[in-house]
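Look at the charged side chains first. Then follow the strands.

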Amino acid sequence: MHIHPVGTRALLVELEDLSQVMAWHAALDANPLKDQVDAIAAATTLLLTFATPNSAAAAAEKLQDFRPTAQAGEDPRFVEIDVLYDGEDLDEAAELMGMSREGLIDWHTSTEWLAAFGGFAPGFTYCTPADSAQNFNIERRATPRTAVPAGAVGIAGGFSAVYPRVSPGGWQLLGTTSTPMWESDAHPPALVQPGDRVRYRAVSSLPDVVSTTPFGRRTPARLPRLEVLDAGLLTLYQIRAAPGRG
């Protein structure tokens with residue numbers, strides 16, 4: 001474990017693997033350090049931000065002896081995502097995994113996925129099999145696509161995720177969902193949060209719009225609005241990061 005300062009009010013904690021990151025993130029999210037503002041997980045790192053430089057320095061010392069303990073909090077939230085398995089890379093991915101097309105679909109739908117962290121784009125949540133024995137390290141495409149459609153369901157490098165918006169991408173595409181993964185006016189805006197359990201369900205067709213309200217905590221956000229009447233020529237509007245949405 002290595003701790004690096006990031007500016008004066010943040011620390012980047014380098015850990016051995018994803019399981020350590022998830023354990024640290026769960027522990028520090030449930031019981032934050034003094035003046036901790038946010039904890040943002042990635043594959044092998046955890047970024048911690050603090051209210052003041054002094055609190056960041058104090059946290060760096062405390063973390064030297066930190067050992068996360070199992071959190072006895074709320075039961076995990078389950079999210080089910082309907083998928084039409086019509087992906088362009090379905091056959092190629094099945095061949096890479098040594099499976100038939102049907103075998104790949106069965107593996108993807110029978111696996112319980114654990115949401116590890118968000119990144120790449122708002123609402124893009126990296127999910128890994130809850131049972132490591134079900135994991136496959138799938139290669140990305142040799143040539144990434146310049147535009148992956150919104151709702152594309154992909155796998156790569158031991159992860160599964162849904163592209164929330166049109167964007168470039170190199171993951172192997174298995175199918176499509178119409179479930180919105182990110183809604184700015186919802187709280188929280190990302191459908192899948194770190195710690196959630198995700199199941200993919202094979203369907204023969206998809207509705208045009210899927211309501212996400214049955215997933216419980218996604219309720220309309222009452223956020224202040226800003227209306228720009230005259231931006232001028234050199235106006236820059238910038239906001240601080242929103243804690244808890246990393």
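A salt bridge here is a side-chain nitrogen of Lys or Arg within 4 Å of a carboxyl oxygen of Asp or Glu. By this rule the count comes to 8 salt bridges. This is a predicted model: local features need pLDDT of at least 70, side-chain atom pairs count only at pLDDT 80 or more, and totals for chains, interfaces and linings use all residues. Residues are numbered from 1 along each chain as its sequence is written, and side-chain values use heavy atoms, with hydrogens and water left out.

pLDDT is the predictor's confidence in each residue, from 0 to 100. Its mean for the protein chain is 88, and 87% of the residues reach 70 or more.

Take D196 and R77. Their closest N and O atoms are 2.6 Å apart. The pair links distant parts of the chain, 119 residues apart. D196 is buried at 3% relative accessible area (buried means under 20%, exposed over 50%, partly exposed in between; 1.4 Å probe, protein chains only). R77 is buried too, at 12%.

Now turn to R145. E88 forms a salt bridge with R145 at 3.4 Å between the closest N and O atoms. E88 is exposed, at 65%, whereas R145 is buried, at 14%. R145 also bridges to D89, at 2.9 Å. Both R145 and D89 are buried. E88, D89, R141 and R145 are linked in a network of salt bridges.

Finally, the strands (DSSP runs of E, at least two residues, numbered from the N terminus). Strands pair if DSSP finds at least two bridges between them. β2 runs antiparallel to β4, joined by 5 bridges. A10 stands opposite T49 in β4. β3 also runs antiparallel to β4, with 5 bridges. There, I40 has L47 as its bridge partner. A hairpin through 3 residues joins β3 to β4.

Methods
Helix = DSSP H or I, 4+ residues; strand = E, 2+ residues; numbered from the N terminus.
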